[in-house]
Amino acid sequence: MLYYPVLTTYFTQDHFLHFKVSLTDGSLKQFLDLFGFHSFGERGLAYYRPIFRDVLFNILYNSFGLNHIPYRVLYFVIHFINIYLVYILIQKLYQNKQISFFVSFFFGISSANVGILYWGIEILGATIFIISTLILFIKFLESHKNKFLIFSFLTFLLALGSHELAIVTPILLVGLIFVYLPSKSVLINIFRLLPFFLILIPYVYLDITQTGYSSKDLQYSPIFNLKTTLNTLTWYAGWSLGLPEMLVDFVLPGLKLDPNLMRYWGNYFLIIFSTFVISLISLGILTIYLLFVKRYLFFTKEFLFLLFWFPLSLLPVLFFPLHKFTYYLSASLPAFWRSIGFIIFNSYWHLKKEFPNLALSILIILFLSIFLQNITSILLGHSTYWAAQRGKIAEKLITHMLSEYPKLPKGSVVYFTNDPFYPYVAKDWGGSSKQASIILSGSNALQLIYKDPTLKVFYEDLGVLPKNLSKDMVYTIVAKIY
């Protein structure tokens, strides 16, 4: 119920590009070619993600066209699978049903899932295989049966074919070896991971040299600066706890808030910040308390693995401060919530011995504040998250277009003009036609709608129409996006 608006949200932006690029002539050869390493210049897509991008969009389009409901239902199916897998993983690691339920519950309702469920299908899919790889490898360490090692390698390959964040999985497996095995057995079992690391060499090489990305896009310019990296990691931690993603756009230098934030958040502002402060202060006090009474807990292999897991899972995107989004958190959230559960439950179990009422009160207050913070951020996200809003606008633009022009001759030209009533936001933002060009992914959306790859689409803000176009082939429409 928390995420039901996702089901009714239409496609937007790169969704249309993904559908367009995944089109084939129906032959097996072209379908298999989707698994190849294609250059950014050839298709306009960065990174190698065939399973949950090229292949998935091909199957969805051939089966359902641009009906977004099956696509959104698939999001939820994958998300519920991940919740179950997180429960299994934490239970295997810590053998405690209370903690396993706590972690899987907050993994499932984390407000970071706003970005994941509206946009992050590739990383959502990769998370299935990353967590499955961890579970299968633990089974191998427990049973010493090679079949589990082989299965974990296969799921790792599927993870690599879903999203590049999976490249850190072998290092997580090394961490599991240190957690599960005595020192004398570590080296030989790390050696068993050699195929995992060897496959990364051609993968990374081909992804960089064959696929690549746009060198003109500043978002993909890495910055190797400790202060900047810690700032990025802090944002990911704050989002994991329950802060909305959009807050990053309203924090000014000196940790000052842009007053325009209130215009978007309204009454949500007080709830989100009060619960965040309560959660943060409470967790800080409990951490200090544990450092005094059970300091050794923070130096156990299990806890050190958690500290290692969270930033490591973000490593491929950690040095891109201009390209940080909550949907990258999917594979990191189990570690984050297990760390939070570690602090809460260990404090509760220790306090309960001498102060049972105080321990229960702290547990309830902290649980409720974290829960309320995430729920409020989710509700806010449905009305403010960029993919949610642009999906609604895309549907409106396409509906308007089809009502004006139910059919178009092959090779037609569509020209979107600015809506004179569209309010000014900023110079870089442009008018309604520029926003429409982003939302509809240039010509991709309408070429799919009209099933005409020769259809051309122009936008007033992006330049005038070419003079050699026949007026009879130009179909003008106002870009109404609000």
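Predicted model: local features only at pLDDT ≥ 70, side-chain atom pairs only at ≥ 80, totals over all residues.
F11 is placed in the loop between α1 (4–7) and α2 (14–21). The residue counts as buried because its relative accessibility is 0%, and buried means under 20%. Between the C-alpha atoms of F11 and L160 there is a separation of 25 Å, and these two residues stand 149 residues apart along the chain.

The second largest pocket holds about 870 Å³ of space. Its lining draws two or more residues from each of α14 (226–241), β1 (251–252), α16 (268–293), α17 (301–313) and α19 (333–351). The largest share comes from α14, which gives 8 residues. In total, 33 residues line the second largest pocket, and L233, T234, W235, A237 and G238 lie nearest its centre. The table divides the lining by class.

| Class in the lining of the second largest pocket | Number of residues |
|---|---|
| Nonpolar | 26 residues |
| Polar | 7 residues |
| Charged | no residues |

The final topic is the interior. In soluble globular proteins, nonpolar side chains tend to be buried together. In this model, the largest nonpolar core has 142 residues, and W337 and F416 have the most contacts inside it. Helix α9 (residues 121–143) is the element that gives the most to this core, with 15 residues. Neighbours within four places in sequence aside, F416 is in contact with L397, M401, S433, L440, L446, V457, F458, Y459, E460, I477 and A479.

How values were computed:
Residues numbered from 1 in each chain as written. Heavy atoms only, no water. Helix = DSSP H or I, 4+ residues; strand = E, 2+ residues; numbered from the N terminus. Buried < 20%, exposed > 50% of the residue type's maximum accessible area, 1.4 Å probe, protein only. 1 Å grid on protein atoms, 1.4 Å probe; cavity = no way out; pocket = protein on both sides within 12 Å on 5 of 7 lines; lining within 4 Å. Points joined across faces, edges and corners; volume = space filled by probe spheres on them. Nonpolar A, V, L, I, M, F, W, Y, C, P; charged D, E, K, R; others polar. Core = buried A, V, L, I, M, F, W, Y, C linked by side-chain atoms within 4.5 Å. Contact = heavy atoms within 4.5 Å.
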